[in-house]
Amino acid sequence: MTEFRVTESKMLATPVGPEVTTFLVQPDEALAVMVLGHGSGTPIHKPHMVELCEALARQGVATFRYNYPYSEGMTDYSPELIDPLEVLLATTGSAMRAANALSLGLPMFLGGRSMSSQVVSLALSREHWREVRGVVLYVFPMRWRNLLDDTVAHLRHVSVPMLFVQGGRDEKFADLNELRPVLDGLGSGATLHVVDGADHFYDLPSESDRTREDTLTEVASVTATWIHGLLKSRPRPEEESDSE
């Protein structure tokens, strides 16, 4: 079994604060590192984030996950607690810089679960971070409009490859019949993987013969395979700049 180390630290969410908690989960011989934002009600200490990051580590993907100001120390969740969008975007930028400062020497990816998949994809649509090789959007909530009136319009402006990992029975937040045409319109820039039978939390019906651990292993394996494929097929950022 792949061994991994967990390092807790702090960073400034915005240039004027406050400080928020981060966790680096780093497996031996990591393939890449993903800067990973959490769902609206699942801060970084919640099982949904801990288990996802550990599953990714077992597949060789390191993660650097972070809280937002509103979720630091949060006990009870309410949508009204969520920071303004610009604060969420600024915190994502801070996490990118904090991860870069660790000098891990690994290819960098960006990721987000649920709410954060909107935040990180919006950030990439507004700003080009040349070190980001791709973005993974876990249970992208196209029907959730707490942050954006139009949750998908910005996706066409994201210049890096996108992987969407959706639950097969997540109709409340992302009916696949609605999402598929959007992704088809993005062409080869978007890849969709559907976890059969899984809901918005990658949980399965009680009668399923699979477990939550099985679904997270599938999610992590798909992520690692996609990352590996990109690293083989696309040049490093410095090689791209040299060829211009």
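Student: Which residues does Leu186 touch, not counting residues up to four places away in sequence?

Tutor: Leu186 touches Leu155, Arg156 and Met162, where contact means heavy atoms within 4.5 Å. This is a predicted model, in which local features need pLDDT of at least 70, side-chain atom pairs count only at pLDDT 80 or more, and totals for chains, interfaces and linings use all residues. Residues are numbered from 1 along each chain as its sequence is written, and side-chain values use heavy atoms, with hydrogens and water left out.

Student: Where does Leu186 lie?

Tutor: Leu186 is in the loop between α5 (176–184) and β8 (190–195). Helices (H or I, at least four residues) and strands (E, at least two) are DSSP runs, numbered from the N terminus. The C-alpha atoms of Leu186 and Arg156 are separated by 6.3 Å, and these residues are 30 residues apart along the chain.

Student: Let us turn to the rings. How many aromatic pairs are there?

Tutor: The structure holds four aromatic pairs. Rings of Phe, Tyr and Trp (its six-membered ring) pair if their centres lie within 6.5 Å; planes under 30 degrees apart count as stacked, over 60 as edge-to-face and the rest as tilted. Phe109 and Trp226 form an edge-to-face pair, because their ring centres are 6.1 Å apart and their planes stand at 65°.

Student: Which parts does the pair of Phe109 and Trp226 tie together?

Tutor: Phe109 belongs to strand β5 (residues 108–113) and Trp226 to helix α6 (residues 212–233), so the pair ties together parts that are 117 residues apart in sequence. Both Phe109 and Trp226 are buried, that is, under 20% relative accessible area, with exposed over 50% and partly exposed in between (1.4 Å probe, protein chains only).

Student: What about Phe140 and Phe164?

Tutor: Phe140 and Phe164 also form an edge-to-face pair, at 5.6 Å centre to centre and 75° between the planes. Phe140 lies in the loop between β6 (132–138) and β7 (162–167), and Phe164 in strand β7, so this pair ties together parts that are 24 residues apart in sequence. Phe140 is buried, with a relative accessible area of 0%, and Phe164 is buried at 0% as well.

Student: And which tyrosines form one aromatic cluster?

Tutor: Tyr66, Tyr68 and Tyr70 do.

Student: New topic: which elements do the buried residues of α2 pack against?

Tutor: They pack against β1 (4–12), β3 (32–37), β4 (61–66), β5, α3 (115–126) and β6. The buried residues of α2 include Leu85, Leu88 and Met96.

Student: What follows α2?

Tutor: Ser103 follows α2, and its phi is positive, near 50°.
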